[in-house]
Amino acid sequence: MNPQIKENFSLAAKVLTDFSTEDNYHKIQTAADWMIQAVRNNHKIISCGNGGSMSDAMHFAEEMTGRFQKNRPALAAVAISDPAHITCIANDYGYEYIFSRFVESVGTEGDVLLGISTSGNSQNVINAILAAQKRGVKTVALTGKTGGEIAKIADLEIRVAHLGWADRIQEVHIKIIHTLIQLIEQDIYPELCK
């Protein structure tokens, strides 16, 4: 057997265990509370990220508009992932503005932005956070490593403080995302989520 298999699972378990603190649980609850408030007040959650983090942002949005564990009405969320928008803005303004221009166009006070960056230094996510804050949109960031520049500006940062490869960080990010969706579902539709 290739020892890499055991090593991968052992490291994944360690990163998850290291992340599992009361402080991080409290941050997840706070993020969920903000998102619940947004949805209850007819606002939305906008999500964004690059590469695998874009896939996570899309996964968050589709679980909200579709379903997570229970059949229930759709919940308002959108991932910034439209290729026409992304290539238009990247071509005309620069890749670092692909998310912020979207936030400027549809973000409204009362919304929540979920920005995902394993390094904490993705300039387009940083710009999205700054654009959101100018519009009264609360910002939640999922980061990794040392939190990068995003740790300094997000309203709420949830950090997977792993200094290795991004895949271990992303594995915890998806656990956080699933937990957020579950908490939102259970609060908005408690009768359907028993």
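**A parallel sheet and its surrounding helices**

Arg 168 lies in helix α8; helices (H or I, at least four residues) and strands (E, at least two) are DSSP runs, numbered from the N terminus. The model is a predicted one, in which local features need pLDDT of at least 70 and side-chain atom pairs count only at pLDDT 80 or more, while totals for chains, interfaces and linings use all residues. Residues are numbered from 1 along each chain as its sequence is written, and side-chain values use heavy atoms, with hydrogens and water left out.

With a relative accessible area of 9%, Arg 168 is buried; buried means under 20% relative accessible area, exposed over 50%, and partly exposed in between, for a 1.4 Å probe and protein chains only. Its side chain makes a polar contact with the side chain of Glu 171 at 2.7 Å. A polar contact is a pair of N or O atoms within 3.5 Å; within protein, one must be able to donate a hydrogen and the other to accept it, and residues adjacent in sequence count only if both atoms are side-chain atoms. Not counting residues up to four places away in sequence, Arg 168 touches Asn 8, Leu 11, Ala 12, Val 15 and His 162, where contact means heavy atoms within 4.5 Å.

Five strands, in the order β2-β1-β3-β4-β5, form an open sheet with parallel pairing; two strands pair if DSSP finds at least two bridges between them. Strands β2 (77-79) and β5 (156-160) stand at the edges with a single partner strand each, so one side of each is left without a neighbour in the sheet. From one strand to the next, the twist averages 15°. Axes are lines fitted to C-alpha atoms, for helices over the stretch in contact, and angles run from 0 to 180 degrees between N-to-C directions. Helix α8 (residues 166-188) packs on this sheet and touches β1 (45-49), β3, β4 and β5. The direction of α8 makes about 150° with that of β4.

Strand β4 (residues 138-144) pairs with β3 (residues 112-117) in the parallel sense over six bridges. Within this pairing, Ile 116 has Leu 142 of β4 as its bridge partner, and Ser 117 stands opposite Thr 143 in β4. Five bridges join β4 to β5, and these two strands also run parallel; here Thr 143 stands opposite Arg 159 in β5. Six of the seven residues of β4 are buried, leaving the strand mostly covered.

At 1.5 Å a residue, the 12 residues of α6 should span 16 Å, which agrees with the 17 Å between its end C-alpha atoms; the expected span is 1.5 Å times one less than the number of residues. The buried residues of α6 are Asn 124, Val 125, Ile 126, Asn 127, Ala 128, Ile 129, Ala 131 and Ala 132. These buried residues pack against β1, α5 (100-106), β3, β4 and α7 (150-153). Just after α6, Gly 136 takes a positive phi of about 80°.

The loop between β4 and α7 holds Lys 145 and Gly 148. Lys 145 is partly exposed, with a relative accessible area of 26%, whereas Gly 148 counts as buried at 14%. Leaving aside its neighbours within four places in sequence, Gly 148 is in contact with Ser 119, Gly 120 and Asn 121. Gly 148 and Thr 118 are 30 residues apart in sequence and 9.1 Å apart in space, C-alpha to C-alpha.

Ser 53 has its place in helix α3 (residues 52-65) and is buried, with a relative accessible area of 3%.

Most residues other than glycine have a negative phi. Lys 145, which is not a glycine, has a positive phi near 55°. Asn 42 likewise is not a glycine and has a positive phi of about 60°. Asn 42 lies in the loop between α2 (22-40) and β1 and counts as exposed at 72% relative accessibility.
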